[in-house]
Amino acid sequence: MKREAVTLVPGGTPLLLCNGGGKDSLLMARLLDDNSVPFDSFSINLHTHANPEELFEMHEQHLYKLQNPPPKIHRQYIIESFLNSPAAKLHGVEGVEISEIRNYEDLPLAYGMFGILPVILQEKYTQLCFGNEKSADSEQVKVGNQVINHAWCKSTECEILYEEYIQQYFISNLAIFSLLKPYSDILVYQVLAQKTRGDDLKLVYSCNTKPPWCKSCPKCAYVYLSYMAYLTPEQANEVQHLLGKENLFDRPDLQLYYRQLMGLEAHNAFECVGEIEETKLALEKCVERGFTGEAINCYYKNARLDRSEYQKLWIQYHQLDLSYQRLPPKLMGILVDECQKEGLTL
């Protein structure tokens with residue numbers, strides 16, 4: 001017998017915010033908190049990433065610094081291998097090593113999207129919010145006529161696909177959207193610089209390899225670059241202190257990734273990073289700010305934007321993407337107001 005999708009009557013807090021513990025999660029939390037929008041939080045952890053308790057604490061620590069921390073913080077732990085299940089421990093078997101083998105491939109949005117449904121049904125959430133920015137819709141690699149987007153599971157296309165399926169078969173009035181999707185990376189980092197409070201930047205991370213910073217992956221390279229380009233000098237100094245004052249622009253193991261990021265290799269870095277033009281804008285800002293290093297020299301010699309192109313791109317990436325019509329009007333209004341407040345829109 002075919003069952004109809006249920007329609008939820010919203011609970012006390014209709015908005016559930018997906019929290020990965022990075023700068024995007026921090027920015028979303030600050031945007032909502034500063035504008036008195038209540039929300040609950042949901043975090044997910046895969047067994048191969050880190051000690052689950054430690055990583056959950058890293059995910060959530062910035063939330064407790066808010067004026068109004070979320071009343072409910074939900075956690076989901078994904079066991080990707082039978083060897084990591086509690087079965088052995090429950091039967092008194094000792095000394096079982098944690099496996100780094102995955103029985104199936106990652107699809108984080110699918111984990112969260114379907115694994116979260118029992119929580120949504122129990123708490124009666126009608127809005128599920130992710131923190132995927134505009135660059136998540138861009139491809140990294142092109143093979144013939146086929147384009148490949150590393151972050152497709154964070155794309156608007158994927159978001160719509162999941163929403164339509166869930167509304168048809170499970171919850172008819174669950175809205176799924178990404179709060180930061182109208183923002184380019186340039187806007188994300190500039191608004192973040194304005195919204196950061198106290199020691200916020202010590203409480204978040206963006207590395208997928210060895211949180212909080214492995215200092216050897218494309219994402220560490222890109223986030224470091226963007227921090228140096230757009231954070232205030234005081235905030236940038238704080239980040240450099242966290243990294244032991246190491247200049248990541250000089251790290252030998254990051255030079256290939258920086259070349260990929262600035263478009264000097266066959267494709268962009270295959271990670272959750274911005275578009276090549278966004279990387280070049282950030283590098284140009286670092287040149288203006290007087291940063292030095294091998295990656296800066298490479299940009300200056302091989303990929304530097306001329307002034308007219310720079311100005312054109314700067315204007316382009318400072319425009320909100322108003323074609324993204326999936327946000328509730330109140331939340332879109334917050335994005336517009338925050339940009340105008342800081343003089344970031346033209």
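Author: In this predicted model, Y310 has a relative accessible area of 4% and is buried.

Reader: Why is Y310 called buried?

Author: The term buried applies under 20% relative accessible area. Y310 has 4%, so the residue counts as buried.

Reader: What makes the pair of Y310 and W314 stacked?

Author: The ring centres are 5.9 Å apart, which is within the 6.5 Å required for a pair. The planes stand at 25 degrees, under the limit of 30 degrees, and therefore the pair is stacked. Both residues belong to helix α13 (residues 307-316), where they are 4 residues apart, about one helical turn.

Reader: How do you know that the charged end of K285 sits over the ring of W314?

Author: The charged end of K285 is 4.6 Å from the centre of the W314 ring, and the distance cut-off is 6 Å.

Reader: Why is the pair of F114 and Y162 called edge-to-face?

Author: This pair is one of 12 aromatic pairs in the structure. The centres of F114 and Y162 are 5.5 Å apart and the planes are at 75 degrees; an angle over 60 degrees counts as edge-to-face. F114 lies in helix α4 (residues 108-115) and Y162 in helix α6 (residues 156-169), so the pair ties together parts that are 48 residues apart in sequence.

Reader: Are F114 and Y162 buried or partly exposed?

Author: Y162, at 11%, is under 20% and therefore buried. F114, at 30%, falls between 20% and 50%, so F114 is partly exposed.

Technical notes: Residues are numbered from 1 along each chain as its sequence is written. This is a predicted model: local features need pLDDT of at least 70, side-chain atom pairs count only at pLDDT 80 or more; totals for chains, interfaces and linings use all residues. Side-chain values use heavy atoms; hydrogens and water are left out. Rings of Phe, Tyr and Trp (its six-membered ring) pair if their centres lie within 6.5 Å; planes under 30 degrees apart count as stacked, over 60 as edge-to-face and the rest as tilted. Helices (H or I, at least four residues) and strands (E, at least two) are DSSP runs, numbered from the N terminus. Buried means under 20% relative accessible area, exposed over 50%, partly exposed in between (1.4 Å probe, protein chains only). A charge sits over a ring if NZ of Lys or CZ of Arg is within 6 Å of the ring centre and within 35 degrees of the ring normal.
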